[in-house]
Amino acid sequence: MMSHELIARYGTLVVFLNVLGSSLGLPLPSIPTLITVGAGIALVTHAASSTLLHFSTILGAAVIGGFLGDLVWFQGGKRYGKRTLHTVCKLSPSRDACVTTTERFFGRWGVRVLIVARFVPGLSLVAVPLCGAMAVRMRSFVLHDCAGIALWASIGLAIGTLFASQIDVLFALVARLGWHALIVAGIVPVLYLLYRYCRRLMLASALGKARISAGELHALLANLRDRS
């Protein structure tokens, strides 16, 4: 079984550090952490008032941690513009399209994109400095960013609460399997990242082969003019 007492005692700190780190661009499992902490709190507290108090504290920690991390990128975007965006895109698994995708979202939604940004992988990390680069007012940024973090964290905690019993059984199974479960859990994300990296290399290779020289381009244009 999960150590529910440890989760209840240190869950707030774990959530704060986890969300702060992920907002800064570290590859940390924020949603699984929120779900696990939510399940642990639901299992260790039985009174509704106590559960609500714990959730409010954890939600506040998530909002503060997420906002502090986002504030760093917002100020970076405000000061350095697109240089910050390209730096952030190096942390994204879809770095080739992250700027154009985020600019498309921002052009359609404006600063409101921050409310849903954390639900789209990689969008939040680029949308925040883009807000800074677009000179979004601090008050508007704070309101929309905190609202987005609160909504995102609330859903994670709610999932943990709703499926607390199932999550408890899952952790009990993992505890019985021991190191085998940890090895599998570690291999899966590594394989996924390797797949993304290989696909990126294949795409770059295909684009390189598709290029033509300037002489070939001129010859092609001349041929088209002759035909017309």
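The model is predicted, so local features are given only at pLDDT of at least 70 and side-chain atom pairs only at pLDDT 80 or more, while totals for chains, interfaces and linings use all residues. Residues are numbered from 1 along each chain as its sequence is written, and side-chain values use heavy atoms, with hydrogens and water left out.

**The core.** Begin with V15, L114, C131, V136 and F141, which have the most contacts inside the largest nonpolar core, a set of 34 residues (buried Ala, Val, Leu, Ile, Met, Phe, Trp, Tyr and Cys residues joined through side-chain atoms within 4.5 Å; buried means under 20% relative accessible area with a 1.4 Å probe, protein chains only). The elements giving two or more residues to this core include α1 (4–23), α3 (48–80) and α8 (138–162), where helices are DSSP runs of H or I, at least four residues, numbered from the N terminus.

Now centre on V136 and, leaving aside its neighbours within four places in sequence, pick out F74, F106, V111, C131 and F141, with which V136 is in contact (heavy atoms within 4.5 Å).

**Helix α8.** Select α8 next: its end C-alpha atoms are 36 Å apart, which agrees with the 36 Å that its 25 residues should span at 1.5 Å a residue (the expected span being 1.5 Å times one less than the number of residues). Among the buried residues of α8 are F141, H144, D145 and W152.

**From W152 to S30.** S30, found in helix α2, is in contact with W152 as well as with N18, V19 and S22, neighbours within four places in sequence being left aside. At 6% relative accessibility S30 counts as buried, and its C-alpha atom is separated by 9.7 Å from that of F16, 14 residues apart along the chain.

**The salt bridge.** Move to D70 and R118, which form a salt bridge whose closest N and O atoms are 3.0 Å apart (a side-chain nitrogen of Lys or Arg within 4 Å of a carboxyl oxygen of Asp or Glu). The pair links distant parts of the chain, with D70 in helix α3 and R118 in the loop between α6 and α7, 48 residues apart. D70 counts as buried at 2% relative accessibility, and R118 is buried with a relative accessible area of 16%. The structure holds one salt bridge.

**Helix α4.** Finish at residues 82–89, helix α4, where T84, L85, V88 and C89 are buried. These residues cover an arc of only 140 degrees around the axis, which puts them on the same side of α4 (the arc is that of the directions from the helix axis to the C-beta atoms).

Methods. Buried means under 20% relative accessible area, exposed over 50%, partly exposed in between (1.4 Å probe, protein chains only).
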